[in-house]
Amino acid sequence: MSKPFQKHYVKSFIYSQTHRDYDTGVKWDLSEEITLENALRFATAYEFKNVSDTCIARLDALVFDPARRIQLAQLYKISQWLGPGIIALSSRAGSLSSKEIEIIGSRVMAEIAKRRDERASASVHWDGMLRGTVLVHIF
């Protein structure tokens, strides 16, 4: 697969593998999300599966926010994170923040809205009585 060469991908990958920034002498912390994401970006672009798998495993222990996991799943083809992230956001009480909507994008937001609507519809049954989680005010 031919991808354009981008120096910052290579530098990020080298830094994450050697733990040292040779320009400054500063040690890199592989527990930092940004370092792992940069290495994952490079590994994904150049199809280094072993490196990708290692980065994903380490990120899995660091990233807990469902919106951020969805974002990473979309960017780096982490299929095992997309479904659980959508389920977490669609089943959560309360609305999504503007920041979360910006992070996940309109396609995923539409899927979350659809699932929330389906869940709300499933909780309402009519057989002469109203059941479920819907409150009715009669005036």
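Is Tyr46 buried, partly exposed or exposed? Tyr46 is partly exposed, with a relative accessible area of 22%. On this scale, buried means under 20% relative accessible area, exposed means over 50%, and partly exposed lies in between (1.4 Å probe, protein chains only).

Good morning, colleagues. The model is a predicted one, in which local features need pLDDT of at least 70 and side-chain atom pairs count only at pLDDT 80 or more, while totals for chains, interfaces and linings use all residues. Residues are numbered from 1 along each chain as its sequence is written, and side-chain values use heavy atoms, with hydrogens and water left out.

I shall stay with Tyr46 for a moment. The structure holds two aromatic pairs. Rings of Phe, Tyr and Trp (its six-membered ring) pair if their centres lie within 6.5 Å; planes under 30 degrees apart count as stacked, over 60 as edge-to-face, and the rest as tilted. The rings of Phe42 and Tyr46 have centres 5.1 Å apart and planes at 40°, so this pair is tilted. Phe42 and Phe48 also form a tilted pair, with ring centres 5.5 Å apart and planes at 45°. Phe42 is buried at 8% relative accessibility, whereas Phe48 is partly exposed at 37%.

Let me turn to the charged side chains. There are seven salt bridges in the structure, each being a side-chain nitrogen of Lys or Arg within 4 Å of a carboxyl oxygen of Asp or Glu. Glu37 is buried, with a relative accessible area of 7%. Glu33, Glu37, Arg41 and Arg68 are linked in a network of salt bridges.

Next comes Arg69, which belongs to helix H4 (residues 66–76). Where does the charged end of Arg69 sit? It sits over the ring of Trp81, 4.0 Å from the ring centre; the criterion is NZ of Lys or CZ of Arg within 6 Å of the centre and within 35 degrees of the ring normal. Arg69 counts as buried, at 16% relative accessibility. A polar atom of the Arg69 side chain lies 2.5 Å from the backbone oxygen of Val63.

Trp81 brings us to the packing. A nonpolar core is a set of buried Ala, Val, Leu, Ile, Met, Phe, Trp, Tyr and Cys residues joined through side-chain atoms within 4.5 Å. In the largest such core, which has 14 residues, Leu40, Leu59, Leu72, Ile78 and Trp81 touch the most other members. Helix H2 (33–45), helix H3 (49–60) and H4 each give two or more residues to this core. A second, separate core of eight residues includes Ile86, Leu89, Leu96 and Ile104.

I close with the backbone. Most residues other than glycine have a negative phi. Glu47, in the loop between H2 and H3, has a positive phi near 55°. Lys77, in the loop between H4 and helix H5 (79–91), has a positive phi of about 55°. Glu47 is exposed at 52%, and Lys77 is exposed at 65%.

Note on methods:
Helices (H or I, at least four residues) and strands (E, at least two) are DSSP runs, numbered from the N terminus. A polar contact is a pair of N or O atoms within 3.5 Å; within protein, one must be able to donate a hydrogen and the other to accept it, and residues adjacent in sequence count only if both atoms are side-chain atoms.
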